[in-house]
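Hi everyone, thanks for coming.

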Amino acid sequence: MALAALTAACTQESMQFEAAPGLQNRPTVNVELGFDESAVELGSEETRAFFGKPAGQGYQWIFEEGDKIGALLMDEWNGNGCGINNFTIKDYVHTNYAFIRETKDGETKWVTPAQAPVCEGNYFFYFPYNDTFNHRGYVGWDVNPVQPQYNENGELFQMQTVKENQKWIGYKYVGHELEGKVNKVNFDFVPLFAMPTFDIINKAGELTVNKLVVRATSNDDAEINPSGTHDLMATTMVLAPETGKFDQVNKTWESKNFAEHTSLMYKHAQRYTKFGEEDYVWPTGVDNADWSWNAKGKNLFPLNENHTSESIRKQAAYEYVADYSGVEGGYKVEQFGHIQALLVMPAGYYYWNQESGQTFEALIYVTTKQGDDYVVRIDLGRPQTQGATSGSNFDDVNSGAAPKFLAPGVNTKFLAEFDATAMQSYDITDFKVTSSADLAWVIKEAEANQGYYDLNITTSGKRVELNNDIYELLAARPKVRLHINGEITITADSDDAINKLYFDNDNMFTTLNINTPQVKKAEPIYAEGSDDIVGYSKVLGNCEINVAKSGALDTKTNGIDIVANVNNDGTVNAKNITGDVLNNGTLTADNIYGENELICEKDHCACSSENVKNHKVSVLNNNELTVKGTVQGDMCNWKKATVKTVKGQLRNMGTMTVNNAPNFSNKQSGTLTFAGSTDGIVSGEDGSENRGGKVIVSGSTKFYYFWNDGATVEVNADVTMVYQMKNYNDEHKSTAKIIVASNATLKGGKINNCAGAVIDVKGKLVDGIYNAGVINVIENGLVIADGIFDDKAGIIDVTKANAGTDSQAAKSFDTAMQFRYTVQGEKTAVDLEKALKARISAHNYGIEKSPVILIWDANSPAEFQGTQLSGTANVQYITFDRDLTINASTRFSEAKTIIVNKILTLGNGTEMGFNVGSAVVTINGTVKANNHSVLAPETAKYTGAGTFYAANATVKWGEYNWTGNRY
């Protein structure tokens with residue numbers, strides 16, 4: 001089969017396809033595909049595209065009008081012109097062009113829609129076309145591991161699996177030639193997947209064959225790759241030409257014959273069952289926003305939307321099944337007849353090492369003429385003879401040497417034979433279950449043939465379900481007590497299905513997936529080998545529990561304790577849980593006892609789903625969690641949680657209510673509420689912190705250490721600091737703020753309010769208060785400060801304080817503390833002095849006591865009558881932030897700083913005086929000095945860029961030192 005291309009000269013014709021990123025201005029070429037569509041036999045080397053008729057039977061590949069072949073452009077152009085040297089193969093896809101089969105005047109052609117030109121470059125052609133390939137990633141195809149060996153008419157037909165699963169692919173660089181010449185392009189169109197065949201001679205007598213299973217029995221998490229390691233069997237083939245080193249293939253492509261070509265192609269191709277972890281470098285000229293599956297950090301970018309990391313992981317299989325269940329009358333094989341099967345599997349090396357626990361085996365499910373069911377087990381990994389020679393652990397089979405490389409287009413055969421004794425050598429307890437059908441078969445056999453009470457079954461993979469059929473089987477067989485070593489998913493509708501599983505065997509561990517609502521009951525304990533109940537267990541253990549969104553688990557109703565890790569996406573109502581919890585759904589428990597600890601690097605503590613999987617945190621909540629008692633270990637909350645006590649480290653990034661938490665960190669936008677208790681100590685000696693979030697204290701509480709960094713603390717009940725509280729701004733831009741409610745008291749230890757931080761007090765802030773920031777006394781609030789902090793005199797603002805009769809609204813034992821008041825309705829110095837005395841303690845109020853800051857703001861009176869303040873308030877700092885007229889002489893004797901930011905008007909003959917000769921007067925606004933007005937003394941320093949207006953020459957305003965504007 002060949003591809004013929006009619007090309008134009010290297011041009012930049014407008015394309016009739018939507019341009020993908022990186023294709024702008026690329027050279028284009030007109031292309032036409034032509035095929036020899038004659039019938040061929042499977043394996044023929046004369047033609048590369050085949051869907052043949054082996055042994056005279058089979059399914060003919062017949063093209064029909066309108067069929068499509070896809071063309072995937074997978075390279076990068078350097079922009080320097082035409083020719084293969086200007087294009088570099090890459091691991092991402094630009095196009096998914098369709099070439100459509102159409103016949104006109106007896107001539108069949110494959111052409112693009114409207115015969116539009118396509119880009120010059122490196123193409124991977126595939127059949128059949130898939131219009132869902134519309135992403136910019138790698139290309140992935142998969143096969144169903146359960147493959148029918150019969151057609152729609154119920155006839156035995158091994159080629160049916162080829163019809164349903166096989167894909168074909170080829171490669172060629174499509175370039176240009178001189179104008180007017182035809183570029184004849186040839187490429188091999190080869191099958192994507194390998195097609196091993198199995199030929200097993202039956203020496204046991206007439207049998208009905210139900211299915212043949214090819215299975216890998218090894219570890220859970222590896223991949224099939226060219227280096228030869230083998231664990232899970234892949235179901236997906238990923239085309240990754242750059243990673244697969246196709247550059248080492250394409251230059252010699254046409255010189256290889258079919259077998260060599262195929263071998264090279266698939267030794268370099270990628271077969272995946274999982275994703276790698278290395279970082280991915282985004283292709284030059286391709287914006288990662290245009291990639292539909294943007295997952296930097298993974299090395300696989302699927303083209304098909306159905307090929308995501310999760311879907312490929314789920315599709316990885318422990319077995320492939322040749323299914324004969326649809327053969328009408330059954331697939332009957334006489335004695336000495338041949339059991340035949342054909343499977344479609346990803347190509348590659350299949351390695352096994354029985355000594356290290358890896359095997360590659362076949363299981364043949366058969367029924368005798370007498371109606372008895374058996375399983376024949378054959379080791380495909382080594383030659384065998386009767387009696388388990390050549391190191392095999394399998395008896396009564398005889399097989400040939402097993403191939404290790406499955407190649408597309410190569411008829412790889414596995415040969416073996418067995419006799420009647422092989423059907424008796426496989427004990428039921430050795431059986432490894434990979435599907436629900438297998439589990440049903442074992443349950444029936446256990447009761448019918450073995451009489452087991454305790455049925456211990458190992459499962460592999462994720463396809464074993466306790467569905468309604470399995471539930472009914474177990475419900476009808478109460479003497480069969482099923483233990484699972486491996487993974488099982490409950491999908492049965494009955495909420496009693498979980499009670500058909502037993503968890504009392506310490507030598508077995510179950511990964512329990514719950515997809516429907518389940519209620520766990522006390523588990524009966526039986527005398528060995530009998531149905532006599534000797535007690536009941538109220539523990540669900542020896543397992544890991546995964547509850548899906550559609551699932552629910554109730555262990556609270558019957559008082560069952562969970563001793564297992566719990567991953568919840570649905571609903572859990574539990575008594576006590578001993579284990580780690582990852583909650584993405586709704587979970588309620590009395591107590592959670594986990595022992596794992598948060599791992600912190602500097603100030604950034606690990607708190608994610610991966611940490612739970614790696615056992616680095618006991619409880620991670622991503623949705624809604626309620627624990628009525630204690631979380632013993634460390635906890636992270638990202639969403640909504642209510643917990644009485646967290647004894648380990650608590651990291652909160654969501655909304656959470658807790659009574660007691662010895663070591664907590666409330667971060668980002670988290671809101672953490674302490675319901676508290678009368679004597680509850682809720683923070684430990686390591687220094688609990690609130691960084692960027694909000695902490696609300698709603699119950700009487702004690703803290704050892706508490707750091708509030710750029711965040712908010714609402715004190716709505718009495719809080720006692722045993723050692724130290726720090727309110728400061730460090731990593732966060734927002735202002736650190738503590739709010740003490742009207743009925744609350746914050747006291748004790750040492751409470752440091754740092755520079756730039758704020759405390760609003762409606763209640764009481766007393767005992768151990770050190771201030772370098774701002775403390776606002778509000779309404780009936782009471783503040784008693786011990787002193788300044790960090791050698792910085794803070795401010796106690798009494799503007800919003802109610803007038804008190806005892807003059808004790810604000811007090812500091814260090815008279816360096818500053819008191820601030822924004823003038824309210826006061827128009828005279830008498831009224832102003834009265835207002836200050838009503839709010840500032842006598843300990844601090846006076847000419848030689850704490851400095852006072854006065855501010856006239858937009859809400860202050862516009863006129864001030866003035867009088868002598870000398871010898872009363874120690875007003876040292878005055879700011880005019882509004883237009884103000886002083887109509888009577890006023891002296892602020894101790895004033896050191898006066899700032900005019902608006903318009904200050906001095907009336908006729910008015911004196912604004914102060915005694916500090918070195919005072920600084922800053923005029924940023926405007927001063928209007930009327931006739932005979934005076935500012936004394938004239939030795940003050942005048943500065944600013946404002947404006948000074950003088951009415952006449954008798955105005956005294958330090959004019960000889962003035963550096964601003966004067967008019």
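Let me begin with a rule for ring pairs: the rings of Phe, Tyr and Trp (for Trp, its six-membered ring) pair if their centres lie within 6.5 Å, and planes under 30 degrees apart count as stacked, over 60 as edge-to-face and the rest as tilted. How many aromatic pairs does a search of the whole structure find? The search finds 21.

Before I show you some of them, a word on where this comes from. This is a predicted model, so local features need pLDDT of at least 70 and side-chain atom pairs count only at pLDDT 80 or more, while totals for chains, interfaces and linings use all residues. Residues are numbered from 1 along each chain as its sequence is written, and side-chain values use heavy atoms, with hydrogens and water left out.

Back to the rings. Tyr 126 and Tyr 129 have ring centres 6.2 Å apart and planes at 20 degrees, so this pair is stacked. I'll also be saying "buried" a lot: that is under 20% relative accessible area, with exposed over 50% and partly exposed in between, using a 1.4 Å probe and protein chains only. Tyr 126 is buried, at a relative accessible area of 1%, whereas Tyr 129 is partly exposed, at 22%.

Phe 703 and Phe 706 make a tilted pair, 5.0 Å from centre to centre with 40 degrees between the planes. Phe 703 is buried at 1%, and Phe 706 is buried at 1% too. There is also an aromatic cluster made up of Tyr 97, Phe 99, Tyr 123 and Phe 125.

Rings can have charges over them as well; the test is NZ of Lys or CZ of Arg within 6 Å of the ring centre and within 35 degrees of the ring normal. The charged end of Lys 211 sits over the ring of Tyr 365, 4.4 Å from its centre. Likewise, the charged end of Lys 750 sits over the ring of Tyr 770, at 5.3 Å from the centre.

Next, salt bridges. For these we need a side-chain nitrogen of Lys or Arg within 4 Å of a carboxyl oxygen of Asp or Glu, and the count comes to 20. One of them joins Glu 65 and Arg 101, with the closest N and O atoms 3.2 Å apart. I'll name helices and strands as DSSP runs numbered from the N terminus: H or I of at least four residues for helices, E of at least two for strands. Glu 65 lies in the loop between strand E2 (32-33) and strand E3 (68-73), and Arg 101 in strand E6 (residues 97-104), so the pair ties together parts that are 36 residues apart in sequence. Glu 65 is partly exposed at 46%, while Arg 101 is buried at 11%.

Now look at Arg 691. Its side chain meets that of Glu 689 in a salt bridge, 2.8 Å from N to O, and both residues are buried. Arg 691 also forms a salt bridge with Asp 709, where the closest N and O atoms are 3.9 Å apart. Asp 709 is in strand E55 (residues 701-709) and Arg 691 in strand E53 (residues 688-691), so this pair ties together parts that are 18 residues apart in sequence. Asp 709 is buried, with a relative accessible area of 0%. Elsewhere, Asp 496, Lys 500 and Lys 521 are linked in a network of salt bridges.

On to the nonpolar cores, meaning sets of buried Ala, Val, Leu, Ile, Met, Phe, Trp, Tyr and Cys residues joined through side-chain atoms within 4.5 Å. The largest has 128 residues, and Ile 545, Ile 592, Met 635 and Ile 796 have the most contacts inside it. Helix H4 (residues 436-450) gives the largest share of this core, six residues. A second, separate core of 57 residues includes Val 93, Met 159, Val 162 and Ile 200.

Finally, helix H7 (residues 829-837). Which of its residues are buried? They are Ala 829, Leu 832, Glu 833, Ala 835 and Leu 836. Seen down the axis of H7, they fall within an arc of 160 degrees (taken from the directions from the helix axis to the C-beta atoms), so they line one face of the helix. On the other side of H7, Val 830 and Lys 834 are exposed.
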